[in-house]
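Here are my notes on this one, jotted down while going through it. Have a look at the structure first, then read on.

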Number of protein chains: 2
Amino acid sequence: MRDFSKKLRVLLIDDNANHLRGIKELITLESSYNVVGTTTSANIGINLIKRYQPDIVVMDINMPEKDGLQALKAIGKLGLETNVVILSGYDDSDLIYRAMKLGAKGYVLKTMASMKLIDAIEQVSEGRIYLPAVLSTRFFEHFQAVAQKEEASANEENLLSSLTMRENEVLDLLTQGINYKSIAAKLVISETTVKTHVNNIFQKLQVNDRTNAVLYALTHGFKTSASKSQVMTAV
Amino acid sequence: MRDFSKKLRVLLIDDNANHLRGIKELITLESSYNVVGTTTSANIGINLIKRYQPDIVVMDINMPEKDGLQALKAIGKLGLETNVVILSGYDDSDLIYRAMKLGAKGYVLKTMASMKLIDAIEQVSEGRIYLPAVLSTRFFEHFQAVAQKEEASANEENLLSSLTMRENEVLDLLTQGINYKSIAAKLVISETTVKTHVNNIFQKLQVNDRTNAVLYALTHGFKTSASKSQVMTAV
DNA sequence: TGTTTTCTAAATCATAAGGTTTAGATAAGT
DNA sequence: ACTTATCTAAACCTTATGATTTAGAAAACA
């Protein structure tokens, strides 16, 4: 939670020096904020973040030198508690999705009223997420589109369904990179039996070596015993 | 977009018959909705959806027979334009995340004012997403937590960084399940050279067969040439 | 009862894959 | 000039893997 007794330390990164000045003035008007630094360079910005460890970073996502997504990634790697509010001229759903995925806590369009930026900073500093309604709709559409693709490839008429229980167990072990001898030991059956199962698996999956069997399994939503039990406990 | 000249066809699924009656009355009060069916069984519900193809399904996510997530999945597989509004007593972030991932368009807590349900149906039927502010915050937290885990495992100090350019190319082909002979052909080098590279890869990745090399690559964020070019064009 | 499926297992064979060493040619860096 | 890294390649050997056939036992099914 935010400590209201202290001023929030804010760092600004925008390659456009004019915008930078404008934003700084806007934020400085609010007595509860303290702009600890401004820079037009993403790389310098990252160093400033390391040095000053601000509470909030307001950053343009569209910069030439290092794009905002890369900068976000770099900031994430610092492992600080700094929250980032993205400032952007774009409203592309993929960009929003990727920014949120990389840990951005707020997203403000440059076309929006400037007071909205203060709103966003306020929200984000209190640990909440700030996304204008338009953008959150876009975000969800994109999120669901991505999820749908994953589902589709997992549900695709797949050869995996033709495997027997035992073959599933064997394939599971194959996807862990285990060899015949160890599989036999784990399942307490002979090595030749394992070979028989594996060959049957190959035929059913229409491949002719382990690597391709494993690749098929992984790209067609094969549920390993580990992930199965995970689902069981989660539900 | 919604056609205002027609009544919206709504189907209700809730294992609690009392809730079901309550919701039906609430919705029927609105003259623009037409409740085409109600059922306490998820399985029957799915059949009703197939038969009546409603515009909106309002479904409880917490049902004994078939849980709401499974039902959502089944509805998704029907490939209809039906939009689902989830009704729930829970506010668990993982549940919201998974429901949204499976294509739910709205999420209403049972504790919320009943008029909110009408709001949600209205929003969703117009193609938007409905998530109360509390839940969208939870959703984003969960979303970012999941994304962070992915990032973490991809950024983990990994052995992949020690590979040379050529070794990367070879590993890329290995992850496509290609054998020595074909790799040699693709790279226009001899098979023995490929073997040399592969052996060097094994040592660097600390594995001793292709399957484990491929598994290591896939689970440690190895970028294939395909995904690399994708990133290039996307940025 | 007869049929099919699944799991088990062995035998045999061919070859792909893995391990190790040695070495020449370049290119890059000190 | 010297060293190091990288890419290339061959020879040699061992073993793991894959392909195919045959077959017994148990369970499921018609």
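Predicted model: local features only at pLDDT ≥ 70, side-chain atom pairs only at ≥ 80, totals over all residues.

1. Now the overall make-up. Chain A has 11 helices and five strands. Of its 235 residues, 45% are buried. As for the contacts in chain A with a separation of 6 or more, 66% of them are between residues 24 or more positions apart.

2. I'd go to the α7/α8 pair next. In chain A, helix α7 (residues 165–174) and helix α8 (residues 180–187) have axes that come within 10 Å and cross at roughly 130 degrees. Because of that angle, α7(A) is oblique to α8(A); angles of 65 to 115 degrees would count as roughly perpendicular, and over 145 as roughly antiparallel. The crossing of α7(A) and α8(A) is right-handed. On the α7(A) side the contact uses A:R166, A:E169, A:V170, A:L173 and A:L174, and on the α8(A) side A:I183, A:K186 and A:L187. By class, the residues of this contact of α7(A) with α8(A) are five nonpolar, no polar and three charged.

3. How does α8(A) sit against the helix α9 (residues 191–205) of chain A? Their axes are 8 Å apart, and the packing angle is about 105 degrees, so α8(A) is roughly perpendicular to α9(A). From α8(A), the residues in contact are A:Y180, A:K181, A:I183 and A:A184; from α9(A), they are A:E191, A:V194, A:K195 and A:V198. The contact of α8(A) with α9(A) has five nonpolar, no polar and three charged residues. Note that A:I183 turns up in the contact with α7(A) and in the contact with α9(A).

4. Helix α10 (residues 210–219) of chain A is worth a look too. Seven of its 10 residues are buried, leaving the helix mostly covered. The buried ones in α10(A) are A:T211, A:N212, A:A213, A:V214, A:L215, A:Y216 and A:A217. What do these buried residues of α10(A) pack against? Within chain A, they pack against α7 and α9; from chain B, α7 (165–174) and α10 (210–219) join in.

5. Over in chain B, B:V58 lies in strand β3 (residues 56–60). B:V58 counts as buried because its relative accessibility is 1%, against a cut-off of under 20%. Leaving out residues up to four places away in sequence, B:V58 touches B:V10, B:L11, B:L12, B:I13, B:V85, B:L87, B:L117 and B:I121. Its C-alpha atom is also 10 Å from that of B:S88, 30 residues apart along the chain.

6. Beyond residues up to four places away in sequence, B:F202 touches B:V207, B:N208, B:D209, B:R210 and B:A213.

7. B:Q206 is in the loop between α9 and α10 of chain B. With 64% relative accessibility, B:Q206 counts as exposed. C-alpha to C-alpha, B:Q206 and B:Y216 are 9.4 Å apart in space and 10 residues apart in sequence.

8. Last, two backbone angles to check. Most residues other than glycine have a negative phi. A:Q53, not a glycine, has a positive phi of about 40 degrees; A:Q53 sits in the loop between α2 (42–52) and β3 (56–60) of chain A and counts as partly exposed at 47% relative accessibility. B:V188, also not a glycine, has a positive phi of about 55 degrees. The place of B:V188 is the loop between α8 (180–187) and α9 of chain B, and at 71% relative accessibility B:V188 counts as exposed.

Key: Residues numbered from 1 in each chain as written. Chains lettered and ligands numbered in written order. Heavy atoms only, no water. Axes fitted to C-alpha atoms, helices over the stretch in contact; angles between N-to-C directions. Helix = DSSP H or I, 4+ residues; strand = E, 2+ residues; numbered from the N terminus. Parallel < 35°, antiparallel > 145°, perpendicular 65-115°, else oblique. Left-handed = near helix turned anticlockwise from the far one by under 90°. Contact = heavy atoms within 4.5 Å. Nonpolar A, V, L, I, M, F, W, Y, C, P; charged D, E, K, R; others polar. Buried < 20%, exposed > 50% of the residue type's maximum accessible area, 1.4 Å probe, protein only.
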